[in-house]
Amino acid sequence: MMDCFSYFTFACFQCSFDDIVCALENDSDIANGKYKLTSRPFAFDLYENEPLSGGAHLPKSYFFKTKANADICVMFSNYADGWYTLANVLSIKLNCDVYLFSITDPNVFDGAMNSFRYISKGKSIRTVYAMQDPRWIFYENGEKQWFEYDLNYKQRIIKKRLNKDILVSYCEQLGFNISDPIFWQSEKSVLFERTAKDWRCSK
């Protein structure tokens, strides 16, 4: 499933799908018509090859209960940063942990970005990334987590310090088997999206 994109982002919330839906339903932006929430089967249909940068399009995100893990809720958005602000707000509202991942296909040779962020109850705990902008940059901040292979971060070649394979292994250790197609099959799913109402006026 992941191989259909050159770059993609997603987040895993350590809370139930029902908790996420309840938080979204009670969002004031739904009440005033800025956003809407729709029951809709999850599909990789928010973009074709990679998500665009925020601000260039209406934000959308699926939230779904994966068949592979009943204890988490997965978020898949059309924003290049994984709609970090929304993930952070929900982490605060639900008092939960969330892991956000950005993964670039190894065959991409320009503008690659591989990263993970760990947020706990709205507080940024750990951020690690390797990105090409245009030269390779490696960055880490916060306390190293139990699932990290910190020896990777000492690699002389920066792009090898954090790549797709490493991030997939981190996900597996956390219980997110994203290489298994079942992980991307949903039992329940909703689409949370910005409506066109007042979109241009708000920019």
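Select Phe10 and Phe101 to begin: both are buried, where buried means under 20% relative accessible area, exposed over 50% and partly exposed in between, with a 1.4 Å probe and protein chains only. This is a predicted model, in which local features need pLDDT of at least 70, side-chain atom pairs count only at pLDDT 80 or more, and totals for chains, interfaces and linings use all residues. Residues are numbered from 1 along each chain as its sequence is written, and side-chain values use heavy atoms, with hydrogens and water left out.

**Aromatic rings**

Rings of Phe, Tyr and Trp (its six-membered ring) pair if their centres lie within 6.5 Å; planes under 30 degrees apart count as stacked, over 60 as edge-to-face and the rest as tilted. The count here is 35 aromatic pairs. One of them joins Phe8 and Phe10, stacked at 5.8 Å centre to centre with 15° between the planes. Phe8 and Phe10 are both buried. Phe10 is in strand E1 (residues 7-13) and Phe101 in strand E5 (residues 97-104), so the pair ties together parts 91 residues apart in sequence. Strands (E, at least two residues) and helices (H or I, at least four) are DSSP runs, numbered from the N terminus.

Next, select Tyr84 and Arg117. Arg117 lies over the face of Tyr84, at 4.2 Å from the ring centre. Arg194 lies over the face of Tyr35, at 5.5 Å from the ring centre. A charge sits over a ring if NZ of Lys or CZ of Arg is within 6 Å of the ring centre and within 35 degrees of the ring normal.

**Two helices**

Show helix H1 (residues 17-25) with helix H3 (residues 84-94): their axes come within 10 Å and cross at roughly 105°. Axes are lines fitted to C-alpha atoms, for helices over the stretch in contact, and angles run from 0 to 180 degrees between N-to-C directions. In H1, select Asp19, Ile20, Ala23 and Leu24, which meet Leu90, Lys93 and Leu94 in H3; contact means heavy atoms within 4.5 Å.

**Backbone**

Move to Asp133 and Pro134, joined by a cis peptide bond with omega about -15°. Pro134 is in the loop between strand E7 (123-132) and strand E8 (136-142).

Finish at Trp83, in the loop between strand E4 (73-77) and H3. Its phi is near 55°, a positive value in a residue other than glycine. Trp83 counts as buried, at 6% relative accessibility.
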